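Here is a short note for a colleague who is opening this structure for the first time. Please keep the view at hand while reading the points.

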Amino acid sequence: MPPSDTSGAAPPSHEHDDIAALAKGGRTNFFGFFLRLAARIPFLFIAGRAEAYGPAALGRFASALVVIELTSMLCTMGEKRGLAQRLSDTEGQVHPANVIADGTILALIASCSAALFFYLVPEPMFPGGKYSEIDRLIVLAIPPLTLTEIWLAALAYRLRISPTVWSRAIVEPWTISIMAGAMIWIAPANGLTLAYIASIFAAALTAFIPFFREYGLPRGWRLKPGEMHRLAARSMPIALADAIEWGTRRVDIFLLGFLAPPSAVGVYYAAQQVASLPQKLKTSFEPVLGPVITRNLKKKDYGAIARQVCQVGFWITAAQAGIALALGIPGEGVMGLVGREFVGGTGSLAILLAAEVVAATAVVSEAALIYVARFKNLIVSVSTIGLQAVLTVVGIKLMQHLGYNSLYQAATAAAALMIALGLASIVKSRMLARILGERINNWRWALIWAAAPAVVIGYLATQFLPEWAELAFGIPAILGAYMWVIWKKAFGPEDRKLFQKTKTAEPLPVDQI
């Protein structure tokens, strides 16, 4: 198939529904991003400033979270993204609830086994060796966290995105914030752990109710051990790719937990929580992008896949760049909201925000690669996290040798992430371009023009406004200037679908997906 330019050509008419569906899913979850931001800041404020918690307690909590969430990702057995393909392949042959039940039972067995293991062997969760019996109960979050991913993926297959917003952007972050505040007076020593467990169960319930209403109970389903084994074998490459993609955002904390004091881990975790907010934007499109790609794969419409990947890639890059500027330029004020001890993490915050921008191409390329080249994609993903781990350890050791403090050491971990993700973007986009025979590029030079006035406004705000005004007025001004230029200079008709409500973006019946 001859290569084609995916950035300039107008998509065929049958593709408009796909673009509209992608836009609706992204628009719904993009709104959820701001809700998540509004809820996450109170949690960081409470965890950073309350006498019962502070940087050290936050660091120990972050180290445990890395193990819990990575384990949960593995226990989904690839169903977070692989479920869309299985539902598409069995459309009209097997009741969809039966297809989901196979993966759900497998994930439940894996997650319960993992929870039992880490309860009995808690040391990997707490590198410093300091934990209580209640802290060990954090493993209770593994099964509901795993099942929530599957339920939300099943709903996303039918283009039901609002449950993801409710579960992930409203219920989970607000529950952990409220519970962390309440635990200061009830159980201050274990407040963060208990708040996290409560938030995961609340999010799981929020996801399960619409899932059950949408799919109901399986019909005539029975457990087939042989089929479970085959499903596990088929799903493992996707499960590992999911875990590695997630792990690139957590291996730095894991290594810092062994090489740096808990207070430095806590400061870095706070910076990462702020920086990971724009990273959530890619999940705004991921649930819808999977079903759209699998449908076009059945048609062998590789041009449509390339156009959709480039379209979504640009949306993510543009949004992440704007948010990176808005949060990075007044970074000292943003980190100061968490606590004065956290201002030293401003350098890490800036690098982590830049890392999310360069990662956008890898993220959208992988959304297609997991279906067309899952093993090659897995090899690249393993190489990426391996490179990141090596660069992180070498950077931290070098900073220690040169006598720099732990906050500089943490900044080298952020730099290692940015380098590894940048290389992954180059490799994965070129790999996908070769497979599809189409150009994959989500960069547009208008992003530079949009960044210029945002930088000028941000500089003026940090120099001439007090800190409270810098955050209250500077951040909206930076975002406003950036978005105005993007809208005028970079957005074409297809891009503007992201902000337009269209009937074609309504959820499709299952027999039309």
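**Notes on the helices, a cavity and selected residues**

1. Start with helix α12. Its 27 residues should span 39 Å at 1.5 Å a residue, and the end C-alpha atoms lie 37 Å apart, so the two values agree. Burial is the other point to check here. Of the 27 residues of α12, 25 are buried, so the helix is largely enclosed by the rest of the structure.

2. Now the overall picture. This is a predicted model. The protein has 19 helices and zero strands. Of its 513 residues, 58% count as buried. Take the contacts with a separation of 6 or more: 85% of them join residues 24 or more positions apart.

3. How many residues of α6 are buried? The count is 16 of the 16, so α6 is largely enclosed by the rest of the structure. Leu-159 follows α6 and has a positive phi, near 60 degrees. Most residues other than glycine have a negative phi.

4. Lys-300 also deserves a look. Its phi is near 60 degrees, a positive value in a residue other than glycine. Where does Lys-300 lie? It sits in the loop between α11 (262–299) and α12 (302–328). Is Lys-300 buried or exposed? Its relative accessibility is 57%, and exposed means over 50%, so Lys-300 counts as exposed.

5. Helix α17 runs over residues 406–436. It has 31 residues and reaches 45 Å from its first C-alpha to its last, close to the 45 Å expected at 1.5 Å a residue. Which residue caps the N-terminal end of α17? Asn-405 does: one of its side-chain oxygens lies 3.0 Å from the backbone nitrogen of Leu-407. Just after α17 comes Gly-437, with a positive phi of about 70 degrees.

6. Ala-416 is part of helix α17. At 4% relative accessibility, it counts as buried, because the cut-off is under 20%. Leaving aside neighbours within four places in sequence, Ala-416 is in contact with Gln-388, Leu-391 and Thr-392. Ala-416 and Leu-387 are 29 residues apart in sequence, and their C-alpha atoms are 8.2 Å apart.

7. Ala-355 itself lies in helix α14 (residues 346–358). Its relative accessibility is 0%, so it counts as buried. Which residues does Ala-355 touch, not counting those up to four places away in sequence? They are Leu-417, Met-418 and Leu-421. The C-alpha atoms of Ala-355 and Leu-417 are separated by 6.7 Å, although the two are 62 residues apart along the chain.

8. Thr-361 lies in helix α15 (residues 360–372). At 17% relative accessibility, it counts as buried, since the limit is under 20%. Beyond its neighbours within four places in sequence, Thr-361 is in contact with Ser-425, Ser-429 and Asn-442.

9. Next, the cavities. How many cavities of 30 Å³ or more are there? The count comes to six. Which helices supply at least two lining residues each? They are α9 (225–247), α15, α16 (374–402) and α17. By class, the lining has six nonpolar, three polar and four charged residues.

10. Last, Thr-193. It is found in helix α8 (residues 191–215). Is Thr-193 buried or exposed? Its relative accessible area is 7%, so Thr-193 is buried. Not counting residues up to four places away in sequence, Thr-193 touches Phe-61, Ile-134, Asp-135 and Ile-138.

How values were computed
Residues numbered from 1 in each chain as written. Predicted model: local features only at pLDDT ≥ 70, side-chain atom pairs only at ≥ 80, totals over all residues. Heavy atoms only, no water. Helix = DSSP H or I, 4+ residues; strand = E, 2+ residues; numbered from the N terminus. Buried < 20%, exposed > 50% of the residue type's maximum accessible area, 1.4 Å probe, protein only. Contact = heavy atoms within 4.5 Å. Expected span 1.5 Å × (residues − 1). Polar contact = N/O pair within 3.5 Å; in protein donor to acceptor, adjacent residues only side chain to side chain. 1 Å grid on protein atoms, 1.4 Å probe; cavity = no way out; pocket = protein on both sides within 12 Å on 5 of 7 lines; lining within 4 Å. Points joined across faces, edges and corners; volume = space filled by probe spheres on them. Nonpolar A, V, L, I, M, F, W, Y, C, P; charged D, E, K, R; others polar.
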